[in-house]
Amino acid sequence: MLTGKRVLITGASGLVARAVALALAERNEVHCLGRFADREVARTLQARGIRLWHWDMAGGGTGGLDGIPDDATHVLHAAVDRGSGARFEEVVAVNAMATGRLMAHCRAAEAFLYVSTGAIYARQALDHRHTETDPLATDNPWLPTYPVGKLATEGAVRAFAVTLDLPTTIARLNVAYGPYAHGGIPVILYRQLLAGRPIVVPRTGQHYCSLIHTDDIARQVPPLWAAAGVPATVVNWGGDEVVGVRDLMTHVGDLTGVPARFVPGDVTRAVVAFDSTRRRGLTGACEVGWRDGVRQVLRAHVPDAVEENREVSDRG
Ligand code: NDP
C-alpha cells in the first residue's frame, strides 16, 4: 500500500482519476491539477484533504505549471482532450505538449504513469485478445480525433521518459466503469437507452471488452508505478474478464427494466478485448466481478432504476 508519498494527479474530476485520488488521499499527500469547473466535485476532493491546482492543458506560455509543486514522488496523468470533429491538429498539440511539459515539470519523480487507451489497436476479429505488441492504428470512425491524440501522446511520453531519465509506465486502459463522473460505458449506454436511442452494434457478432472497475484501477496504480522504467513500460490495463457489449447491456437491461435495443450499423462505439497476462503479472488479479460491479455502479448513478426493478423481480 502506497504511504507517505507526494502524489500529483491530472484528470481527477473525471471517472478514472477521481477514484485513484480519493483512495490514495487516505495515506498520501495528494495534489490534483485541472480546471474543476464543477465546484461540487472540487469540494468533495478538498474535503478529503486533497489540494487542487488550476491547470489547463490548452494553456499557452509555460503551460500553466508555474507555482505547482515540482517535487511529486508519483504522477498519474489521466487528463485528456478527446477532441471532436476534425480537430486533429489541436488534439495532438494540446495533449502531447501538455504531457511533455508535465513530465519535464515532474522530472524528479520516482514514477510517472500515463493513461493511454486500447483504442489505438488496429481492428482485428471482434473477439481477438490484443497483446501489447499487436499492430496499432488510429482508425476510429466513432471519434476519429481520439486515438490520434492518444498515440501522438504515447510518442511524447516515450521521448520524455528517455530524455529526462524519468521512470514511466504507459498503461493502455480498457473500458473503465465506476461511481464517478460519466460512469463509463455501462452507464453512458444505459442513459442512451433511456433517451430512446438504440445501441449501434456490428452487423455480425458483438464487440468485446475487458471491463475494469475503478476500485481495481485504484488498487493497481501503485504496482503500475512500481513497474515504471526507462524506456517506458507498456501494459494493457483491463480487467480479467472479457465481456461482450451486447451481453453487458442485456445485463443492464435486466437490472433496470429498460430493455437493451440494438441496431446493426457501420459506425459503432468500438471497443477491444485484451490479453491481460502482462498486467496480471504486475498487479495481480482484479477483485470486482463485472456483474456485481455493474450493479453497484448503476445503483450509484441511478439508484431508483435498479431498486425499482428489484422490487418488481421480488414480487414476481
Ligand atoms: P473523463 O472524461 O471522466 O475526464 C477527463 C478529465 O480530463 C477531466 O478530469 C478533465 O478535467 C481533464 N481535462 C480535460 N481537458 C482538460 C484540459 N484542457 N486541461 C486540464 N484537464 C483537462 O476521463 P476518464 O476518467 O474517462 O478517462 C481518464 C483517462 O483514461 C483518459 O486519459 C482517457 O483517455 C483514458 N481512458 C479512459 C477510458 C474509459 O473507459 N473511461 C478507456 C480508455 C482510456 P477538468 O475538466 O476538471 O479540467
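## A ligand, its pocket and some residues

Asp165 is placed in the loop between H4 and S7; helices (H or I, at least four residues) and strands (E, at least two) are DSSP runs, numbered from the N terminus. At 54% relative accessibility, Asp165 counts as exposed, where exposed means over 50% relative accessible area, buried under 20%, and partly exposed in between (1.4 Å probe, protein chains only). The model is predicted, with local features needing pLDDT of at least 70 and side-chain atom pairs counting only at pLDDT 80 or more, while totals for chains, interfaces and linings use all residues. Residues are numbered from 1 along each chain as its sequence is written, and side-chain values use heavy atoms, with hydrogens and water left out.

**Around the ligand**

- Which residues come nearest to the ligand? Of the 27 residues around the ligand, they are Ser13, Met57, Arg82, Tyr146 and Lys150; a residue is near a molecule if one of its heavy atoms lies within 4 Å of it.
- The shell around the ligand is made up of 15 nonpolar, 8 polar and 4 charged residues. Here Ala, Val, Leu, Ile, Met, Phe, Trp, Tyr, Cys and Pro count as nonpolar, Asp, Glu, Lys and Arg as charged, and the others, Gly among them, as polar.
- For Gly11, a backbone N or O atom lies 3.1 Å from a ligand oxygen. A polar backbone atom of Val16 is 2.8 Å from an oxygen atom of the ligand, and for a polar backbone atom of Val80 the distance to a ligand oxygen is 3.3 Å.
- On its own the ligand has 880 Å² of accessible area, and the protein covers 88% of that. Such areas come from the Shrake-Rupley method with a 1.4 Å probe; for residues, only the protein chains shown count as cover.
- The polar contacts in this briefing are pairs of N or O atoms within 3.5 Å; within protein, one must be able to donate a hydrogen and the other to accept it, and residues adjacent in sequence count only if both atoms are side-chain atoms.

**The pocket and the elements around it**

- Where does the ligand sit? The ligand is found in the largest pocket.
- Helix H1 (15-24), strand S5 (111-117) and helix H4 (145-164) are the elements that give two or more residues to the shell around the ligand. S5 gives the most, with 3 residues.
- A pocket is found on a 1 Å grid over the protein atoms alone, as an open set of points where a 1.4 Å probe fits, with protein on both sides within 12 Å along at least five of seven lines. A molecule sits in a pocket if more than half of its atoms lie within 2 Å of its grid points.
- H1 is mostly covered, with 9 of its 10 residues buried. Among the buried residues of H1 are Leu15, Val16, Arg18 and Leu24.

**Buried residues in strands and loops**

- His31 lies in strand S2 (residues 29-34). Is His31 buried or exposed? It is buried, because its relative accessible area is 3%. His31 and Arg18 are 13 residues apart along the chain, and their C-alpha atoms are separated by 12 Å.
- Strand S7 (residues 168-173) holds Thr168, which is buried at a relative accessible area of 0%. The side chain of Thr168 reaches the backbone oxygen of Leu166 at 2.7 Å.
- Thr169 is also found in strand S7, and counts as buried at 0% relative accessibility. Thr169 and Asn140 are 29 residues apart in sequence and 24 Å apart in space, C-alpha to C-alpha.
- Asn174 is in the loop between S7 and strand S8 (176-177), buried with a relative accessible area of 10%. Its side chain reaches the backbone nitrogen of Ser210 at 2.9 Å.

- Phe36 has a positive phi of about 50° although it is not a glycine. Phe36 is in the loop between S2 and helix H2 (39-47), and it is buried at 6% relative accessible area.
- Asp165, the residue from the opening, has a phi near 55°, a positive value in a residue other than glycine.
- Val230 and Pro231 are joined by a cis peptide bond, with omega about -5°. Pro231 is in the loop between helix H6 (214-226) and strand S12 (233-237).
- Thr131 is in the loop between strand S6 (129-130) and H4, and counts as partly exposed at 22% relative accessibility. Thr131 and Asn236 are 105 residues apart in sequence and 7.2 Å apart in space, C-alpha to C-alpha.

Definitions and conventions. 1 Å grid on protein atoms, 1.4 Å probe; cavity = no way out; pocket = protein on both sides within 12 Å on 5 of 7 lines; lining within 4 Å.
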